[in-house]
Amino acid sequence: MAMVAVGDYLESVGARRLADGEWGLTVADEHPLDIGIRLADGLIRIQAFAVPAADAPADDDALHWNRSTRIVRFARTRSGDLWVQADLFADASEALDRVLGLVVEAARAARAVAYDPPAAPGWLSGES
């Protein structure tokens, strides 16, 4: 049942069905944001590529940001690319819209730090 509800919601916001239980969603932006969503084993996993390794902030900055976030987190690939991830229990799929918003917000904030230094004061810059 969760698969139907998640699929209906995602398709209503323009997501593409990629496979059974997998969707892709592109958010138009200065740098379009591609988000992958997968429903498996009772979890909805959301991943979005944020910043390539060449432009990504230092590891200690990403670790510091993770200490300041809830629900979403930053992760690195072995090559150094920065991603935003979130997991949500399938039973809590009514919160999917809010969690997707947090993923988009985190990716945009990381991109602002990478491409628009110095960043405006905020939770990623360490200033409030």
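Start at isoleucine 35. Leaving out residues up to four places away in sequence, Ile35 touches Trp23, Gly24, Leu25, Val27, Ile46, Gln47, Ala48, Leu100 and Val104. Contact here is heavy atoms within 4.5 Å.

A word on the source. This is a predicted model, with local features needing pLDDT of at least 70, side-chain atom pairs counted only at pLDDT 80 or more, and totals for chains, interfaces and linings using all residues. Numbering runs from 1 along each chain as its sequence is written, and side-chain values use heavy atoms, without hydrogens or water.

Now the sheet. It is open, with six strands in the order β1-β2-β3-β4-β6-β5 and antiparallel pairing. Strands (E, at least two residues) and helices (H or I, at least four) are DSSP runs, numbered from the N terminus. Pairing takes at least two DSSP bridges.

How many bridges join β4 to β6? Eight, between residues 43-51 and 82-89. Valine 51 stands opposite leucine 82 in β6.

Next, a helix. α3 (residues 96-115) lies across β2, β3, β4, β5 and β6, at about 20 degrees to β4. Axes are lines fitted to C-alpha atoms, for helices over the stretch in contact, with angles from 0 to 180 degrees between N-to-C directions.

Last, the core. The largest nonpolar core has 35 residues; Ile35, Ile37 and Ile46 touch the most other members. Members are buried Ala, Val, Leu, Ile, Met, Phe, Trp, Tyr and Cys, joined through side-chain atoms within 4.5 Å. Buried is under 20% relative accessible area (1.4 Å probe, protein chains only). The largest share, nine residues, comes from α3.

Note on methods: Buried < 20%, exposed > 50% of the residue type's maximum accessible area, 1.4 Å probe, protein only.
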